Amino acid sequence: MARIDLKNLAHSYFPDPKGDDDYALRRMEHVWEDGGAYALLGPSGCGKTTLLNIISGLLPPSHGQVLFDGKDVTRLAPEQRNIAQVFQFPVIYDTMTVYDNLAFPLRNRGIAEKTVDARVREIAGMLDLNGKLKHKARGLGADEKQTISLGRGLVRDDVAAILFDEPLTVIDPHLKWVLRRKLKEIHNKLRPTMVYVTHDQVEALTFADKVVVMYGGKVVQLGTPQDLFENPAHTFVGYFIGSPGMNIVPCNLEGGAAWIDGHRIALTDRHMNAASGASGAVELGIRPEFLTLDTDASASNEGGIPVNIVKVEDLGQYKIATTRFGNAEMKVKIGEDQMISAHSGVLRFPTEWTKLYADSHLVA
Ligand code: ADP
Ligand code: MG
């Protein structure tokens, strides 16, 4: 397994790119540590497949280098890079048995039959394919074919990394959950370097130790699921991670506070100092989980903002209240046992969870 360095990497599909918009990948430096389980998370079109194909060698980057354990592999073909890649749709041989499909990547490398047999049975066991080894792939369903594709990706134990490009798209939700757990188990056992591409935050957060969030051809944050939740480095991460995402509203800074439509939210010196040097439009961000909503009619407005409660959705284990003040709307997550019958309340912003963004990037 290998550490993968991306040095000054960028890619444009155009022969003569002009501006940033012509780049599917904007210039990046990035390290995938040896043995890490990474999710590469981002919306459709943000450049995930482009990045994965550059790592595997299917696509030569227009700028920069790819290093495996310090060695420059930028111009090497996929076969020379020793990478396993699993795609969105099954890539298997219909006329072969499940066993032969799984054995293929090993036999292709001239591995001894005894070792092939042991590996095939081990991986088949992990993926519950043991009962199907003698079946021809042709007769199997899409789910099973994709499971075989996963097995083919996992069967070699000498690859530099295993890359998965939205591999569970065609799989039904229950089996998806099972397979994700299996992948995680396999990672814990064998410790390959894994990069798992998805546009689904639940998939990313349950699979990976580290999540790389991409947006508009750029990596906007690399962090643990907890980092992404508690400290989104970019408004996109705040908005994309979480259900619902972070509340993000334009604000002005003045006199040690943020002002939204004439309402004051007290901040700390730390916020004010960090924001003083920043350029670009300033926004305040706070997650629905960290706001508190006081609906006690006798509550004082002290330290909070009077709001209208425009909607309360009961989602079983919790409720989401939508509140409004001026033109701003904020969602608040509240416990299932907190009753809300009032149409107004007082919203409070704990300073440690109140973030400031300038030009979409976290400043404090
Ligand atoms: P993702 O996998 O995150 O959905 P892609 O890497 O497939 O994103 O695409 C990133 C951008 O590059 C998109 O704007 C897409 O339209 C463009 N793109 C992808 N493949 C090609 C290609 N072969 N030729 C030209 N543009 C492409
Ligand atoms: Mg893709």
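**Entry 1: a charged pair.** I started with Arg-107, which counts as partly exposed at 33% relative accessibility. I keep in mind that this is a predicted model. Next I looked for a partner. The side chain of Arg-107 meets that of Glu-113 in a salt bridge, 2.9 Å from N to O. Then I checked the surroundings of Glu-113. Glu-113 is partly exposed too, with a relative accessible area of 44%. I noted the general idea: side chains of opposite charge can pair when their charged atoms come close.

Entry 2: I looked at one pair from it. Glu-33 and Arg-3 form a salt bridge, and their closest N and O atoms are 3.8 Å apart. Where do the two sit? Glu-33 lies in the loop between strand S2 (25-32) and strand S3 (37-41), while Arg-3 lies in the segment before strand S1 (4-11), so the pair ties together parts that are 30 residues apart in sequence.

**Entry 3: the tally.** I picked out another pair, Asp-20 with Arg-26. The closest N and O atoms of this salt bridge are 3.6 Å apart.

**Entry 4: two domains.** I turned to the chain as a whole. The chain is divided into domain 1 (4-239) and domain 2 (249-362). Each domain gives 10 residues to the contact. The C-alpha centres of the two domains lie 39 Å apart. I looked up the buried area next. Domain 1 and domain 2 bury about 900 Å² between them, with 52% of it on carbon and sulfur atoms.

**Entry 5: what joins the domains.** How many salt bridges run between domain 1 and domain 2? I counted 0. Polar contacts gave me another answer: 8 residue pairs, both residues at pLDDT 80 or more. Helix H8 (225-230) and helix H9 (235-240) each supply at least two residues of the side of domain 1 that touches domain 2. By class, I listed 5 nonpolar, 4 polar and 1 charged residues on that side of domain 1.

Notes: Residues are numbered from 1 along each chain as its sequence is written. Chains are lettered from A and ligands numbered from 1 in the order in which they are written. This is a predicted model: local features need pLDDT of at least 70, side-chain atom pairs count only at pLDDT 80 or more; totals for chains, interfaces and linings use all residues. Side-chain values use heavy atoms; hydrogens and water are left out. Domain bounds come from an automatic or database domain assignment. Contact means heavy atoms within 4.5 Å. Buried area is the accessible area (1.4 Å probe) that two parts lose on being put together, summed over both. A salt bridge is a side-chain nitrogen of Lys or Arg within 4 Å of a carboxyl oxygen of Asp or Glu. A polar contact is a pair of N or O atoms within 3.5 Å; within protein, one must be able to donate a hydrogen and the other to accept it, and residues adjacent in sequence count only if both atoms are side-chain atoms. Helices (H or I, at least four residues) and strands (E, at least two) are DSSP runs, numbered from the N terminus. Ala, Val, Leu, Ile, Met, Phe, Trp, Tyr, Cys and Pro count as nonpolar, Asp, Glu, Lys and Arg as charged, and the others, Gly among them, as polar. Buried means under 20% relative accessible area, exposed over 50%, partly exposed in between (1.4 Å probe, protein chains only).
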